[in-house]
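This report describes a single protein chain for a reader who is new to structural analysis. Please keep the sequence and the model in view while reading.

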Amino acid sequence: MSRALTREDRINEIVRCGQDPVYFINEYMSVQHSTRGTVQFNTYPFQDDVIKSMQQNRFNIVLKSRQLGLSTITAAYAAWLALFYKDKNILIIATKKDVAMNLMKKVKFMIKSLPDWLVLPSFEETMTSLRFSNGSEIKAVPTSPDAGRSEALSLLIVDEAAIIRDFDEIWTALGPTLSTGGRCIVLSSPKGIGNWFHNEYTRAERGENQFHPTKLIWDVHPERDTEWEKK
C-alpha cells in the first residue's frame, strides 16, 4: 500500500492479514529475485491454490515441477503463521545444511521487508532459526535421523522429500511430533519410484492415506510455454 494509513486503517489491515495469508503475502511481502533484485511478492494463481490447500488440509503432499517457487511460498506461509499466531512451533527439514540456511534466509528477508507496524511480535534470530516474542518459532534443519524427533510441532515442512535418503525411517520418527494436532506440508519434484515420497503420493491420489495430493506440472506457470519446454 502506497498511501499513508491511519491507526484505524492499520488495525483493519492487521486483522485482514491475519485472516488471509494470500492477501498478506501479495500486499506486503517482498522477495529477492535472481535478476531483478528486491521485488514485491506477487503470487500466481496456482501458488494461491497451494496456500489455500495448506489452510484447508492438515496434511499436504505436493508433486511439483522444478522452479515453481513452492519453497518460497511455504517459507512465506511459515512466516505468516509465526507472525500472527501464538506458540506455533514450525520446523523446516531440507536436504542439506546450506539449503536449510537458504530457506531461513528467505523467511528472514520476507519478515524484514514488512512495514514495522505489521510485525507485532519482536524476534531473535540465529543462522537457522527465528524465535518470536509471541512464543512462535521457525527453525530450518538439514535431514538427519534426529530432526525434530523430540519436539511437538505445529507445522512440519519437508522440502524435496524424494531426494532424502531413508526418509521412511525419518518419517516414522517424526510421526509422534504431529500427534497433538500438528500440520504437515511435504514438497518434492519427482525422483524415481519406490521411495517414500513416490509411495505416499500415489497412495494419496488413491485416497489411501491422510495426505491431500497436489500435482503441479511445469505448464501451470503462466510464463512457460512450449518454447520454454523445448529449452
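## The chain as a whole

Of the 231 residues in the chain, 50% count as buried, where buried means under 20% relative accessible area, exposed means over 50%, and partly exposed lies in between (1.4 Å probe, protein chains only). The model is predicted: local features need pLDDT of at least 70 and side-chain atom pairs count only at pLDDT 80 or more, while totals for chains, interfaces and linings use all residues. Residues are numbered from 1 along each chain as its sequence is written, and side-chain values use heavy atoms, with hydrogens and water left out.

A compact globule of 231 residues would have a radius of gyration near 17 Å, and the 18 Å of this chain agrees with that. The radius is taken over C-alpha atoms, and the globule rule is 2.2 Å times the number of residues to the power 0.38. Along the principal axes, the C-alpha atoms fill a box of roughly 55 × 50 × 30 Å. Among contacts in the chain with a separation of 6 or more, 71% join residues 24 or more positions apart; contact means heavy atoms within 4.5 Å.

## The sheet

The chain has eight helices and ten strands. These are DSSP runs numbered from the N terminus (helices: H or I, at least four residues; strands: E, at least two). Eight strands form an open sheet with mixed pairing, in the order β5-β6-β7-β4-β8-β9-β3-β10; two strands pair if DSSP finds at least two bridges between them. The edge strands, each pairing on one side only, are β5 (123-125) and β10 (212-216). On average, neighbouring strands of this sheet are turned by 15 degrees against each other, direction ignored. Axes are lines fitted to C-alpha atoms, for helices over the stretch in contact, and angles between N-to-C directions run from 0 to 180 degrees.

Strand β6 (residues 129-132) and strand β7 (residues 137-142) are antiparallel partners over three bridges, and L130 has I138 in β7 as its bridge partner.

How many residues of β4 are buried? Six of its six residues are, so the strand is mostly covered. N89, L91 and I93 point one way from β4, whereas I90, I92 and A94 point the other way.

β4 pairs with β7 in the parallel sense over six bridges, and L91 stands opposite K139 in β7. The pairing of β4 with β8 is also parallel, over four bridges; I90 has L155 in β8 as its bridge partner.

Within β7 lies A140, which counts as buried because its relative accessibility is 1%. Not counting residues up to four places away in sequence, A140 touches I92, A100, M104 and T128. A140 and M104 are 36 residues apart in sequence, yet their C-alpha atoms are 6.3 Å apart in space.

S30 belongs to strand β1 (residues 30-33). Is S30 buried or exposed? It counts as buried, because its relative accessibility is 15%. Leaving aside neighbours within four places in sequence, S30 is in contact with T38, V39, Q40, F41, F109, M110 and S113.
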